Amino acid sequence: MSVRFRSFSDGGLGEPEQDANSALTELDKGLRSGRVGEQCEAIVRFPPLFEKYPFPILINSSFLKLADVFRVGNNFLRLWVLRVCQQSEKHLDKILNVDEFVRRVFSVIHSNDPVARALTLRTLGSVAGIIPERQQVHHSIRRSLDSHDTVEVEAAVYAAMQFAAQSKSFAVSMCNKISHMIQGLATPAHMKLQLIPILQHMHHDTSTAAMVRQLCT
């Protein structure tokens, strides 16, 4: 089945809310398509939709639909959902059902596929600004830093950076872990270079700042 996507510059419905709803309905058809190409085409059109119609109800509904695609889709679709989250950072605070959005995305962290887990960590990291104190996510990041799969560890490092920038408690709790990884002989050099920038967020108390200072001298 071929799905025609209406251009966001098209008018025709008059009221912005009606126009936005019509555009979302059109994209939803694409998301529900059985063809990966049509699903991808729909996903990449969400950032322009948010720019033209920055309504909380529309953005909330859109992100819940995208979270569903992330939950049941393949890794290629998950990658595009991640890109939408990264490109639409300024609209994330308009997600009203944050718990439900996180629940759908987080469910993939239990996958046996390390790439799926890595995409989950990166997606959660990209929305750290609206879920800075989620202990369940903090725990998953710490656990994934010990993974034997490089793709998962690198994603955990990315997520750790994002959460350390948003959460004092996370930054402080991760200081020992990050320090041990940087000093550890088993940590590859390129990984240490990715870990070092996280230290810039570990200045919230005297003991943590002193530990970082000692590590860097």
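Visitor: Is Asp 68 buried, partly exposed or exposed?

Guide: Buried means under 20% relative accessible area, exposed means over 50%, and partly exposed lies in between, using a 1.4 Å probe and protein chains only. At 25% relative accessibility, Asp 68 counts as partly exposed. Before going on, note that this is a predicted model, in which local features need pLDDT of at least 70 and side-chain atom pairs count only at pLDDT 80 or more, while totals for chains, interfaces and linings use all residues. Residues are numbered from 1 along each chain as its sequence is written, and side-chain values use heavy atoms, leaving out hydrogens and water.

Visitor: With which residue does Asp 68 form a salt bridge?

Guide: Side chains of opposite charge can pair when their charged atoms come close. A salt bridge is a side-chain nitrogen of Lys or Arg within 4 Å of a carboxyl oxygen of Asp or Glu. Asp 68 pairs with Arg 71, and their closest N and O atoms are 2.8 Å apart. Both residues lie in helix 4 (residues 56–72), three residues apart, about one turn of the helix. Arg 71 is partly exposed, at 36% relative accessibility. Asp 68 and Arg 71 are also linked with Glu 100, Arg 103 and Arg 104 in a network of salt bridges.

Visitor: How many salt bridges does a search of the whole structure find?

Guide: The search finds 13. Among them is the one between the side chains of Asp 99 and Arg 134, at 2.5 Å from N to O. Asp 99 lies in helix 6 (residues 98–106) and Arg 134 in the loop between helix 7 (114–126) and helix 8 (135–144), so the pair ties together parts that are 35 residues apart in sequence. Asp 99 is exposed, at 53% relative accessible area, whereas Arg 134 is partly exposed, at 27%. Another salt bridge joins Arg 35 and Glu 38, at 3.7 Å from N to O. Here Arg 35 is partly exposed at 48%, while Glu 38 is buried at 10%.

Visitor: How many helices and strands does the protein chain have?

Guide: Helices (H or I, at least four residues) and strands (E, at least two) are DSSP runs, numbered from the N terminus. The protein chain has 12 helices and zero strands.

Visitor: Which residues touch the most other members of the largest nonpolar core?

Guide: A nonpolar core is a set of buried Ala, Val, Leu, Ile, Met, Phe, Trp, Tyr and Cys residues joined through side-chain atoms within 4.5 Å. The largest one has 65 residues, and Phe 46, Phe 63, Phe 101, Ile 141 and Ile 178 touch the most other members. Contact means heavy atoms within 4.5 Å. Leaving aside neighbours within four places in sequence, Phe 63 has contacts that include Phe 50, Val 84, Leu 92 and Phe 101. Across the protein chain, buried residues make up 48% of the 217 residues.
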